[in-house]
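This briefing covers helix packing, pockets, loop residues and backbone geometry in one protein model. Please keep the sequence and the structure open while reading.

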Amino acid sequence: MSTARRIRRRIRAAVVAGSVSALLLGALTTTANATQPNSETDAFEIGNHAMGSQIAKVEGDDSSPSTAAAMRPQGVGADGMKAQATVAGIDVASHQSNVDWDYWWGQGKRFAYVKATEATSYTNPYFAQQYIGSYDIGMIRGAYHFAVPNSSSGRAQANYFVDNGGGWSGDGKTLPGALDMEYNPYGSDPCYGMNQAQMGSWIRDFHDTYRSRTGRSPVIYTSTSWWNKCVGWAQTFGDTVPLWVARYSDSVGRLPNGWGYHTFWQYTSSPLDQNSFNGTYDRLQALANG
């Protein structure tokens, strides 16, 4: 056999071997990918949950959209003294689509929180209109993140939040971002399959990452029932973290473990989520200023 023929035969053999190896590698890669989720959050649908939606579903909503009771000062303020005033506000998500900010300003609302993100794969498609629109009308505004603790770490979700509108700036019109902790919309376990120590650590991870990124502690939104069940006393945040409590009734009621006063109160979900700030307008500005 000539030298040229031997070379051609070796080349053909190498090509065949390479093709077989590529096919085997492709099969192995496909098999490996089939046994792993595409991402941390692709195992279930993400993104259809507004602040308080699961609290209203589990705890009920006995509220009235009337502001008479909600706007009366209740409990104590950050200074430990009896509260003397409140400021009215709302929170919105994609369910509200393009918000008529002129209307809500005319209804006396002076602050707004806007959903920015959920887990690490959802961003609110109406965020720009809602976040910028509330600012442009004159409201003090902030963004919130709907937590899904069993889908990724607190650090990952805090970073995703900050990277997608949840940051803070010292412009006097931007509130620190809020972390929405409530009942699990993706399963039967309200605590996402975590015990109190695990949940407390997850929230601490989110808190510390957010504070490192922005210089501010996030506001924590929750209900007393959920927090005491899923976090208990595993971690306490009352010394540094503003509390946003959800209770759809005519009073704030008992507060979650670790807090002696509330900063915000979400008192109804009709016709959309409405809130009161526990203090005077200048104290709301102070929270925005940091």
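The buried residues of α5 pack against β2, β3 (122-123), β4, β5 and α6. The model is a predicted one: local features need pLDDT of at least 70, side-chain atom pairs count only at pLDDT 80 or more, and totals for chains, interfaces and linings use all residues. Residues are numbered from 1 along each chain as its sequence is written, and side-chain values use heavy atoms, with hydrogens and water left out.

- Helices (H or I, at least four residues) and strands (E, at least two) are DSSP runs, numbered from the N terminus.
- In α5, the buried residues are Gly-154, Gln-157, Ala-158, Tyr-160, Phe-161, Val-162 and Gly-166; buried means under 20% relative accessible area, exposed over 50%, and partly exposed in between (1.4 Å probe, protein chains only).
- Between its end C-alpha atoms α5 spans only 14 Å, whereas a straight helix of 13 residues would span 18 Å at 1.5 Å a residue. The expected span is 1.5 Å times one less than the number of residues.
- Helix α4 (residues 127-137) has Phe-127, Gln-130, Tyr-131, Gly-133 and Ser-134 buried.
- Those buried residues of α4 pack against β1 (86-92), α3 (101-106), β2 (111-118), β4 (140-146) and α5 (154-166).
- An α-helix has 3.6 residues a turn, so residues three or four places apart point the same way.

**Pockets**

- The search uses a 1 Å grid over the protein atoms alone: a pocket is an open set of points where a 1.4 Å probe fits, with protein on both sides within 12 Å along at least five of seven lines, and lining residues have an atom within 4 Å of a point.
- The volume of the largest pocket is about 630 Å³, where a volume is the space filled by probe spheres set on the points, and grid points are joined across faces, edges and corners.
- Its lining has 29 residues, and Ala-78, Tyr-261, Thr-263, Phe-277 and Arg-283 lie nearest the centre.
- The elements giving two or more residues to this lining are β9 (274-278) and α8 (281-289); α8 gives the most, with three residues.
- By residue type, the lining of the largest pocket has 12 nonpolar, 11 polar and six charged residues. Ala, Val, Leu, Ile, Met, Phe, Trp, Tyr, Cys and Pro count as nonpolar, Asp, Glu, Lys and Arg as charged, and the others, Gly among them, as polar.
- The second largest pocket holds about 170 Å³ of space. It is lined by 13 residues, with Glu-59, Ser-225, Ala-246, Arg-247 and Tyr-248 closest to its centre.
- The elements that supply two or more residues to the lining of the second largest pocket are α7 (224-230) and β7 (243-246).
- Four nonpolar, five polar and four charged residues make up the lining of the second largest pocket.

- Asn-184 sits in the loop between β5 (178-180) and α6 (196-214). Asn-184 counts as buried because its relative accessible area is 10%.
- The side chain of Asn-184 reaches the backbone nitrogen of Tyr-186 at 2.8 Å, and a polar atom of that side chain lies 3.2 Å from the backbone oxygen of Asp-189.
- Leaving aside neighbours within four places in sequence, Asn-184 is in contact (heavy atoms within 4.5 Å) with Asp-189, Pro-190 and Tyr-192.
- Gly-60 belongs to the loop between α2 (53-59) and β1, and is partly exposed at 29% relative accessibility.
- With neighbours within four places in sequence left aside, Gly-60 is in contact with Ile-55 and Tyr-248.
- Gly-60 and Arg-247 are 187 residues apart in sequence and 9.3 Å apart in space, C-alpha to C-alpha.

**Backbone geometry**

- Most residues other than glycine have a negative phi, and most peptide bonds are trans.
- Ser-97, in the loop between β1 and α3, has a positive phi near 50 degrees. Ser-97 is partly exposed, with a relative accessible area of 27%.
- Ala-119, in the loop between β2 and β3, also has a positive phi near 50 degrees. Ala-119 counts as buried because its relative accessibility is 0%.
- The peptide bond from Ser-270 to Pro-271 is cis, with omega near -5 degrees; Pro-271 lies in the loop between β8 (264-268) and β9.

Note on methods. A polar contact is a pair of N or O atoms within 3.5 Å; within protein, one must be able to donate a hydrogen and the other to accept it, and residues adjacent in sequence count only if both atoms are side-chain atoms.
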